Amino acid sequence: MYSNKVIEHFMTPRNVGTMAEADGKGTFGDPGCGDSLTIYIKVKDEVIEDISFLVFGCTASVATSSMTTVLAKGKTIEEALEIQEEDIVEALDGLPENKLHCSNLGVQALRSAIKDYLNKKEK
């Protein structure tokens with residue numbers, strides 16, 4: 001059902017936890033399944049220098065959240081905004097059809113964190 005990469009990211013997720021004094025924080029939830037994800041970012045010179053997450057959800061939600069942080073870390077804000085659901089699914093070597101929506105959590109929470117960062121930067 002799940003690829004080895006999905007299981008690996010579920011069993012040992014990367015970048016888990018809250019972040020003190022995050023430059024941006026974004027939360028997104030899927031009311032249809034009850035999953036909720038918060039992503040925290042630290043940005044230096046427009047590059048996501050550090051990133052972490054907290055998620056409440058299923059195996060796929062944990063794995064896609066972990067992979068989202070892996071894909072975004074070290075990217076510029078512009079590059080991170082280009083990350084799509086398909087990129088996360090591909091990096092995890094696929095997801096079952098009924099779990100594809102979990103990749104949306106990561107993308108939306110990441111974009112929300114970036115938006116929060118940009119709003120704070122403008123002020």
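**View 1. Residues of helix 2 meet residues of helix 5.** On the helix 2 side are Ala60, Ser61, Thr64, Thr68 and Ala72. On the helix 5 side are Cys102, Ser103, Leu105, Gly106 and Leu110. Contact means heavy atoms within 4.5 Å. By class, this contact holds five nonpolar, five polar and no charged residues. Nonpolar covers Ala, Val, Leu, Ile, Met, Phe, Trp, Tyr, Cys and Pro; charged covers Asp, Glu, Lys and Arg; the others, Gly among them, are polar. The model is predicted: local features need pLDDT of at least 70, side-chain atom pairs count only at pLDDT 80 or more, and totals for chains, interfaces and linings use all residues. Residues are numbered from 1 along each chain as its sequence is written, and side-chain values use heavy atoms, leaving out hydrogens and water.

**View 2. Helix 2 and helix 5 cross at roughly 40°.** Their axes come within 8 Å. Axes are lines fitted to C-alpha atoms, for helices over the stretch in contact, and angles run from 0 to 180 degrees between N-to-C directions. The two helices are therefore oblique to each other. Under 35 degrees counts as roughly parallel, over 145 as roughly antiparallel, 65 to 115 as roughly perpendicular, and the rest as oblique. The crossing is right-handed: the near helix is turned clockwise from the far one by less than a right angle.

View 3. Strand 2 (residues 35-44) pairs with strand 3 over nine bridges. Two strands pair if DSSP finds at least two bridges between them. Helices (H or I, at least four residues) and strands (E, at least two) are DSSP runs, numbered from the N terminus.

**View 4. Ile41 sits in strand 2.** Ile41 is buried, with a relative accessible area of 0%. Buried means under 20%, exposed over 50%, and partly exposed in between (1.4 Å probe, protein chains only). Ile51 in strand 3 stands opposite Ile41. Among the residues that Ile41 touches are Met19, Ile48, Ala113, Ile114 and Tyr117.

Definitions and conventions
Lists of a residue's contacts leave out its neighbours within four places in sequence.
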